[in-house]
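The sequence and structure come first.

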Amino acid sequence: MKHAPFIAVEGPIGAGKTTLATMLAGELQLPVIKEIVEENPFLDKFYQNMDDWSFQLEMFFLCNRYKQLEDTVYQYIDKGKPVISDYHIYKNLIFGERTLKGTKREKYRQIYHVLTDDLPKPDIILYIRADLDTLLERIAKRGRPFEEEIAPAYLQQLIEDYDAAMASLALTGPSTVIVTIDGKQVDFVENQEDFTAIASQLKELMK
Ligand SMILES: Nc1ncnc2c1ncn2[C@@H]1O[C@H](COP(=O)(O)OP(=O)(O)O)[C@@H](O)[C@H]1O
Ligand SMILES: Nc1nc2c(ncn2[C@H]2C[C@H](O)[C@@H](COP(=O)(O)O)O2)c(=O)[nH]1
């Protein structure tokens, strides 16, 4: 890779993005950018009534990620320093397309493109796939009270939306390397060899 890479870990809710990004940052001595979740004022309201709160929530995520990405560009990308993030800003579009309807969806789509089209996109995406039972188990293990409201059907739709989004990113951004990690076969938390294999593959890609 000619320049220092911008790496993103992606996957549906509870797949293990923050866990893997943190482990890899430790192993490869990289700065890590993490999603801010706990201070989000709309998430609990959203899970209680998605139709009422989706626009506020999606805009909040978009503005926060936009600011975080601007800071990441200034601190790392423009200075040629590699960095790993536990999300790709494209996830705003994945969620927005799922939770918004009608004119709000169209307006949100336009705002997303205005804000993000000229910003750098990750060079490497580590995409963690996991099935519904695994996600439900991990969300329960994490124990955030507001996530008890997450409907399995919503999660299943997101699993499918993520697969479609990664296929679309592979087509529209062929220079982005997408490494798919099959959460059924690979367990980077419980199995050290699995983690080492992912870390080694990433080191190779970063050369
Ligand atoms: N491979 C794994 N095996 C077992 N538990 C995991 C694994 N990956 C993540 N977890 C656990 O699942 C929960 C959700 O993981 P997290 O990294 O927060 O997911 P995400 O950032 O994708 O929402 C956490 O409690 C974490 O410790
Ligand atoms: N509607 C949206 N919800 C989002 C978005 N990004 C994250 N989330 C939710 C999902 C989880 O409850 C929580 C943390 O996400 P993780 O994937 O890190 O577990 O926030 C979004 O853009 N829209």
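The lining of the largest pocket is made up of 16 nonpolar, seven polar and 15 charged residues. In these classes, Ala, Val, Leu, Ile, Met, Phe, Trp, Tyr, Cys and Pro are nonpolar, Asp, Glu, Lys and Arg are charged, and the others, Gly among them, are polar. The model is predicted: local features need pLDDT of at least 70 and side-chain atom pairs count only at pLDDT 80 or more, while totals for chains, interfaces and linings use all residues. Residues are numbered from 1 along each chain as its sequence is written, chains are lettered from A and ligands numbered from 1 in the order in which they are written, and side-chain values use heavy atoms, with hydrogens and water left out.

A pocket here is an open set of points on a 1 Å grid over the protein atoms alone, where a 1.4 Å probe fits and protein lies on both sides within 12 Å along at least five of seven lines; lining residues have an atom within 4 Å of a point. A volume is the space filled by probe spheres set on the points, which are joined across faces, edges and corners.

| Pocket | Volume | Lining residues nearest the centre |
|---|---|---|
| Largest | about 800 Å³ | I13, G14, A15, K17 and R142 |

In total, 38 residues line the largest pocket. Two or more of them come from each of α1, α2 (43-48), α3 (50-77), α4 (91-99), α6 and α7 (152-172). Helices are DSSP runs (H or I, at least four residues), numbered from the N terminus. Helix α6 gives the largest share of this lining, five residues.

Around ligand 1 are 13 residues, the closest being G16, K17, T19, R142 and D187; each has a heavy atom within 4 Å of the ligand. This shell holds four nonpolar, four polar and five charged residues, and both α1 (17-28) and α6 (132-142) supply at least two of its members.

Oxygen atoms of ligand 1 make polar contacts (N or O pairs within 3.5 Å) with the backbone. The distance to a polar backbone atom is 2.9 Å at G14 and 3.2 Å at A15, and a backbone N or O atom of G16 lies 2.8 Å from a ligand oxygen. On its own, ligand 1 has 560 Å² of accessible area, of which the protein covers 86% (Shrake-Rupley method, 1.4 Å probe).

Terms used
A polar contact is a pair of N or O atoms within 3.5 Å; within protein, one must be able to donate a hydrogen and the other to accept it, and residues adjacent in sequence count only if both atoms are side-chain atoms.
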